[in-house]
Amino acid sequence: MPAVGGISTGGDKEYPGSLTPFVTVTCIVAAMGGLIFGYDIGISGGVTSMDPFLLKFFPSVYRKKNLDKSTNKYCQYDSQTLTMFTSSLYLAALLSSLVASTVTRKFGRKRSMLFGGVLFLVGALINGFAQRVWMLIVGRILLGFGIGFANQSVPLYLSEMAPYKYRGALNIGFQLSITVGILVANVLNYFFAKIKGGWGWRLSLGGAMVPALIITVGSLVLPDTPNSMIERGDREKAKAQLQRVRGVDDVEQEFSDLVAASEASSQVEHPWRNLLQRKYRPHLTMAVLIPFFQQLTGINVIMFYAPVLFNSIGFKDDAALMSAVITGVVNVFATCVSIYGVDKWGRRALFLEGGVQMIICQAVVAAAIGAKFGIDGNPGDLPKWYAVVVVLFICIYVSAFAWSWGPLGWLVPSEIFPLEIRSAAQSINVSVNMLFTFLIAQVFLTMLCHMKFGLFIFFAFFVLVMTFFIYFFLPETKGIPIEEMGQVWKEHPFWSRFVDHDGYGNGVEMGKGAVKV
């Protein structure tokens, strides 16, 4: 029996085909698009805890941190200019993801990845050679444009290319490369911070050129998805591509479903307006609430500002960067757990277990920081066992996120949208994600200064709410072909009242409901 809000897995159709080496390599290369996002998340917090960087660009923060001993530990990094450096990227990513929707639909998924890689490359160059704060922020905005394009196209590409039985594991390759990017950035920060002369931050920021080159070159050699080729009218090549992707000649059933979905999609004149139709209410709800909740887990607080956070709670600079490396390693390994389990245990099980684990950890971390720092933020000497406890529970929290909300926050939205609204809905998903990433990055240091250890309770409350949301409202999507996904809404006890039921067994029929008559 499924849980409340669940659905028995498996669609009505089983398309032939297997996980071919061609698809595996293709999806690994495409998933590298996550490196640019992950590297940036990891590098930002590390660079902003480096004294030479602060002294050059944010001298007021440097003085507060190192010279003004009266400053409350919670408030030493509270600077709107510093947070604008970090968060300007996410505002740019929000804007570019809206444009990326049109590019992804009209020119294909791989062209959108190419634009993302080139923009990120230029932004990394500007940041590496920056002499003024405005150069940093212009570079960050270009990085943001690149991330908007990559985050729009890569999850769609992976979901469309993967056989439905392995879609979860291959799609989570995107999240894995984000976590690898974070880890690599943390390790580089640790070593670059030790460079004599204080110019290591330039290598950290300029190093973003490497993941940018990987996704740029990768997008040039990748094939486009059969779905995208059909959408752009190239059916003969699409069929040959589908045969190559699935490793079998008998692809008639899947190909005809893709063509039917595309024909319905092509008659939809206003995909953005169509999103507001009643029958797309479940999809729109998930496109907005999943990325909203993903950011309110508090994970970006840990990942952006891990070195800053550890420094604020009494760790020295080196120890703070090393603690960030430790959380980065945990992040990578826990994401591998999700890759192993997502198509075995299902999406809901991972969401629910991860939510409970995060709530417990946030409560413990809040208690630990509150007990030592109190309200005034001056803990005195911190014993080693205390540091170990804080890092341990933050790592358990990171592991919970990394096998639940981290990968599934990208996977589930990318697999539930029918073709006729897929690009537009994915744009909303990325835009909401970036909007709340921007807002949290912009206000986090101020919130830490004013809410102190209560900040962790604030995020724990939202994790509780989102866990209930998943339990009652998200159907299981494990093992269901992407064009058959309409069935899960039809059988869901709550969402079934919103969707069309006339012949509504798959995405094709759902597409027909969207045709303008």
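The chain holds 24 helices and zero strands in this predicted model. Of its 517 residues, 62% count as buried. Among the contacts in the chain with a separation of 6 or more, residues 24 or more positions apart account for 82%.

**Helices H21 and H22**

- Helix H21 spans residues 419-451 and helix H22 spans residues 454-473; their axes come within 8 Å and cross at roughly 125°.
- On the H21 side, the contact is made by Ile440, Phe444, Met447, Leu448 and Met451.
- On the H22 side, the residues that meet them are Gly454, Leu455, Phe458 and Phe459.
- By class, the residues of this contact of H21 with H22 comprise eight nonpolar, one polar and no charged.

**Further residues of helix H22**

- Phe462 also lies in helix H22.
- With 19% relative accessibility, Phe462 counts as buried, because the class covers values under 20%.
- Phe292 and Leu296 are in contact with Phe462, when its neighbours within four places in sequence are left aside.
- Phe462 and Gly298 are 164 residues apart along the chain, while their C-alpha atoms are separated by 9.0 Å.
- Thr467 likewise has its place in helix H22, and is buried with a relative accessible area of 12%.
- The contacts of Thr467, leaving aside neighbours within four places in sequence, are with Leu352, Gly355, Val356 and Ile359.

**Cavities**

- The structure holds five cavities of 30 Å³ or more.
- The second largest cavity has a volume of about 100 Å³.
- This second largest cavity is lined by 15 residues, of which Glu160, Ala162, Arg246, Glu254 and Ile482 are the closest to its centre.
- The lining of the second largest cavity divides by class into eight nonpolar, two polar and five charged residues.

- Ala92 is found in helix H5, which covers residues 80-107.
- A relative accessible area of 4% makes Ala92 buried.
- Beyond residues up to four places away in sequence, Ala92 touches Ile141, Gly144 and Phe145.
- Ala92 and Ile147 stand 55 residues apart in sequence, with a C-alpha to C-alpha distance of 8.7 Å.
- Ala124 belongs to helix H6, residues 109-128.
- Ala124 is buried as well, at a relative accessible area of 1%.
- Apart from neighbours within four places in sequence, Ala124 is in contact with Leu143, Leu205, Gly206, Ala208 and Met209.
- The C-alpha atoms of Ala124 and Ser204 are separated by 9.6 Å, although the two residues are 80 residues apart along the chain.

- Ile416 has its place in helix H20, which runs over residues 405-416.
- The relative accessibility of Ile416 is 1%, and the residue therefore counts as buried.
- Not counting residues up to four places away in sequence, Ile416 touches His283, Met286, Thr477, Met485 and Trp489.
- Ile416 and Gly486 are 70 residues apart in sequence and lie 7.9 Å apart in space, C-alpha to C-alpha.

Notes:
Residues numbered from 1 in each chain as written. Predicted model: local features only at pLDDT ≥ 70, side-chain atom pairs only at ≥ 80, totals over all residues. Heavy atoms only, no water. Axes fitted to C-alpha atoms, helices over the stretch in contact; angles between N-to-C directions. Helix = DSSP H or I, 4+ residues; strand = E, 2+ residues; numbered from the N terminus. Contact = heavy atoms within 4.5 Å. Nonpolar A, V, L, I, M, F, W, Y, C, P; charged D, E, K, R; others polar. 1 Å grid on protein atoms, 1.4 Å probe; cavity = no way out; pocket = protein on both sides within 12 Å on 5 of 7 lines; lining within 4 Å. Points joined across faces, edges and corners; volume = space filled by probe spheres on them. Buried < 20%, exposed > 50% of the residue type's maximum accessible area, 1.4 Å probe, protein only.
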